[in-house]
Amino acid sequence: MIAETVCSAVSAAGLGIAVVTAYRKRYLAAARTAAYSLVPIGLVMTGVVGWLADTAFSPTAWAGFGVLGAAWALFAATRAVERRRGGTRGTRAERKAAARGAERDAVAPAAPAPSLSPATRPAARPAAPRGTGSGDDFSDIEAILKKHGI
């Protein structure tokens, strides 16, 4: 009963603030304030506030939360142990056999080097003579810049 009264008062105050904000010609802010102020009264009308109040003061509900927490702790502990062991893959002999099979599959047989016919070989570029002057060092850069119109 008290929770419903408090929520109704909060909603009324919020709507009052929204009216004052609208009077100041700030309609967007007034609409947003009205929307926020209608939430508590909507929760009261749907029964959510009553359900929360009944749950908060119920020893059975808190015992249920404790049972859920214990279940979560057991799940997390078993998951951690399973990861530490490396998963559940059966007996020790089965795990060793799986490891040997994985080692054999991991090593691929040696592949011969591909033979390139003269038609598919990349053409050899003649080496460009390099001068000792600093003008030759930037000739490639200048060509690229000219190509792009810079």
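Helices here are DSSP runs of H or I with at least four residues, strands are E runs of at least two, and both are numbered from the N terminus. What you're looking at is a predicted model, where local features need pLDDT of at least 70, side-chain atom pairs count only at pLDDT 80 or more, and totals for chains, interfaces and linings use all residues. Residues are numbered from 1 along each chain as its sequence is written, and side-chain values use heavy atoms, with hydrogens and water left out.

**The overall picture**

The chain has seven helices and zero strands, so reading from the N terminus you get α-α-α-α-α-α-α by the DSSP runs. Of its 150 residues, 9% are buried, where buried means under 20% relative accessible area, exposed means over 50%, and partly exposed is in between (1.4 Å probe, protein chains only). The accessible surface is about 13100 Å², and carbon and sulfur atoms hold 66% of that; the areas come from the Shrake-Rupley method with a 1.4 Å probe, and for residues only the protein chains shown count as cover. Take the contacts (heavy atoms within 4.5 Å) between residues at least 6 apart in sequence: 36% of them join residues at least 24 apart.

**One salt bridge**

A salt bridge is counted when a side-chain nitrogen of Lys or Arg sits within 4 Å of a carboxyl oxygen of Asp or Glu. By that rule there is one, and it pairs E82 with R79, with the closest N and O atoms 3.5 Å apart. Why are E82 and R79 separated by about one helical turn? Because they are three residues apart in helix α4 (residues 59-85). Side chains of opposite charge can pair when their charged atoms come close.

**Two surface patches**

Patches are built from residues with over 30% relative accessible area and no salt bridge; like charges are joined within 9 Å, and nonpolar side chains (Val, Leu, Ile, Met, Phe, Trp, Tyr) within 5 Å. For charges, Lys and Arg count as positive and Asp and Glu as negative, while His and the chain ends are not counted. Each charge is placed at NZ of Lys, CZ of Arg, CG of Asp or CD of Glu.

The positive patch on the surface is made of R85, R92, R95, K96 and R100. Helix α5 (residues 92-106) gives the largest share of it, four residues, and R92 is found in that helix.

The nonpolar patch brings together V39, L43, V48, W51 and L52, with about 460 Å² of accessible area together. Helices α2 and α3 (48-56) each give two or more residues to it. The largest share, three residues, comes from α3, which is also the place of L52.

C7 lies in helix α1 (residues 2-23). Setting aside neighbours within four places in sequence, C7 is in contact with P40, I41, V44 and V49. C7 and I41 are 34 residues apart in sequence, yet their C-alpha atoms are 5.8 Å apart in space.

K25 belongs to the loop between α1 and α2 (27-46). This lysine has a positive phi of about 65° although it is not a glycine.

| Residue | Relative accessibility | Class |
|---|---|---|
| C7 | 17% | buried |
| K25 | 63% | exposed |
| L52 | 47% | partly exposed |
| R79 | 39% | partly exposed |
| E82 | 29% | partly exposed |
| R92 | 58% | exposed |
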